[in-house]
Amino acid sequence: MTALKTEKKKLCPQCGGLGVVVNPAGSFTQAEVCPCSSHCPVCNDSRYVFQRDGSGREIAAMCGCEVRRNRIRIYNHSRVPAKFYGARLVESQRDTHNDHIFNTFNLVARDYTKNHKGILVMGPAGVGKTHLVAGFVFELIFRHGIPTLFQDFADLLKQLRSAYSKGDPEEGLIDPLSSIEVLVIDELGKGRNSAWEQNILDIIISQRYNNRKTTIFTSNYTESRATTLVERVRTRDRVDEDREVRDTLKDRVGPRIYSRLKEMCDFIQMDGPDRRESDLEADHG
Ligand SMILES: [Zn+2]
Ligand SMILES: [Zn+2]
């Protein structure tokens with residue numbers, strides 16, 4: 001025991017001691033066991049350890065290395081976009097602009113319980129909303145093993161349109177989003193905002209609401225016209241004149257979905273400089 005103090009193990013520079021490294025792979029991030037942890041001295045790579053239960057019987061329990069492998073599998077199904085492979089909720093990624101939301105996500109990730117209230121992060125494009133959410137997904141999976149899915153809203157609509165044109169049932173795309181324990185919907189409100197799009201959103205949100213599942217949203221649309229996304233829409237009759245549109249989140253999703261969101265989520269406004277210009281690794285959201 002006394003040797004512990006003097007022989008304090010140096011943390012692996014690649015994984016910081018977690019035993020997991022994450023890299024971009026195609027459109028998504030991909031996690032794998034860090035080379036430092038490829039051999040497990042605890043179970044000698046059998047993946048199980050033997051423990052004694054209350055009555056002294058020997059029982060097999062999953063070794064920590066197998067728990068880690070399971071979490072890697074969950075993470076590799078979460079579909080976090082490739083450019084957020086470095087997103088973590090660690091002190092080096094905290095600053096004065098994201099402090100509040102950083103703390104919120106950190107607390108939820110640390111003390112996560114099933115059916116936790118959702119969070120909706122709203123604010124201008126480029127302030128780093130998606131980066132924080134991607135860090136939250138990482139924490140949730142590697143701390144607790146919570147099945148989590150990341151879904152860009154515009155991508156989902158694109159996939160649904162393509163499924164529809166091929167005659168594939170839309171349930172194949174919607175059901176996993178309704179049943180997963182934690183769902184992230186990135187860029188809520190983006191798209192043409194047609195009745196069809198609002199209906200898709202309504203189905204997913206209603207099912208998650210009824211099943212009391214935790215949903216995290218990001219949106220460039222906010223609750224006030226002063227801070228919401230400003231869009232320029234070309235007017236039909238006067239080609240050289242753009243019309244300025246300031247839809248609020250409620251305008252974009254409709255009053256019914258909006259009131260559901262209010263019940264399901266804490267709304268948090270995030271501001272700050274546009275990180276896309278200063279940092280190549282920063283996000284779009
Ligand atoms: Zn390592
Ligand atoms: Zn092991």
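Because the model is predicted, local features need pLDDT of at least 70 and side-chain atom pairs count only at pLDDT 80 or more, while totals for chains, interfaces and linings use all residues. Residues are numbered from 1 along each chain as its sequence is written, and chains are lettered from A and ligands numbered from 1 in the order in which they are written.

The protein splits into domain 1 (16-69) and domain 2 (85-278), with bounds that come from an automatic or database domain assignment. Taken over C-alpha atoms, the centres of domain 1 and domain 2 are 32 Å apart.

Next comes the core. A nonpolar core here is a set of buried Ala, Val, Leu, Ile, Met, Phe, Trp, Tyr and Cys residues joined through C-beta atoms within 7 Å. Buried means that 20 or more other C-beta atoms lie within 10 Å of a residue's own, exposed means 12 or fewer, and partly exposed is in between, with C-beta atoms placed from the backbone. The largest such core has 52 residues, and Phe105, Val133, Phe136 and Val137 touch the most other members. Helix H4 (residues 129-144) supplies the largest share of this core, nine residues; helices (H or I, at least four residues) and strands (E, at least two) are DSSP runs, numbered from the N terminus. Setting aside neighbours within four places in sequence, Val133 is in contact (C-beta atoms, placed from the backbone, within 7 Å) with Val121, Val184, Asp186, Ile216 and Thr218.

Now for the sheet. Five strands line up as E6-E7-E8-E5-E11 in an open sheet with parallel pairing; two strands pair if DSSP finds at least two bridges between them. Strand E6 (148-152) and strand E11 (265-269) sit at the edges with a single partner strand each, so one side of each has no neighbour in the sheet. From one strand to the next, the twist averages 15°, with axes being lines fitted to C-alpha atoms, for helices over the stretch in contact, and angles running from 0 to 180 degrees between N-to-C directions.

E6 and strand E7 (residues 182-186) pair in parallel over five bridges, and Leu149 stands opposite Leu183 in E7. On to the next pair: E7 and strand E8 (residues 214-219) run parallel over four bridges, with Val182 opposite Thr214 in E8. E7 itself is mostly covered, as five of its five residues are buried. Val182, Val184 and Asp186 are buried on one side, and Leu183 and Ile185 are buried on the other.

E7, H7 and E8 form a right-handed β-α-β unit: with the strands pointing away from the viewer, the path from the first strand over the helix to the second runs clockwise. Ile205 belongs to helix H7 (residues 195-210) and counts as buried because 24 other C-beta atoms lie within 10 Å. Not counting residues up to four places away in sequence, Ile205 touches Ile257 and Arg260.

Two loop residues have a positive phi without being glycine. Glu187, in the loop between E7 and H7, has a phi near 65° and is buried, with 22 other C-beta atoms within 10 Å. Asn44, in the loop between strand E2 (28-33) and strand E3 (48-52), has a phi of about 55° and counts as exposed, with 10 C-beta neighbours inside 10 Å.

How values were computed:
Contact = placed C-beta atoms within 7 Å.
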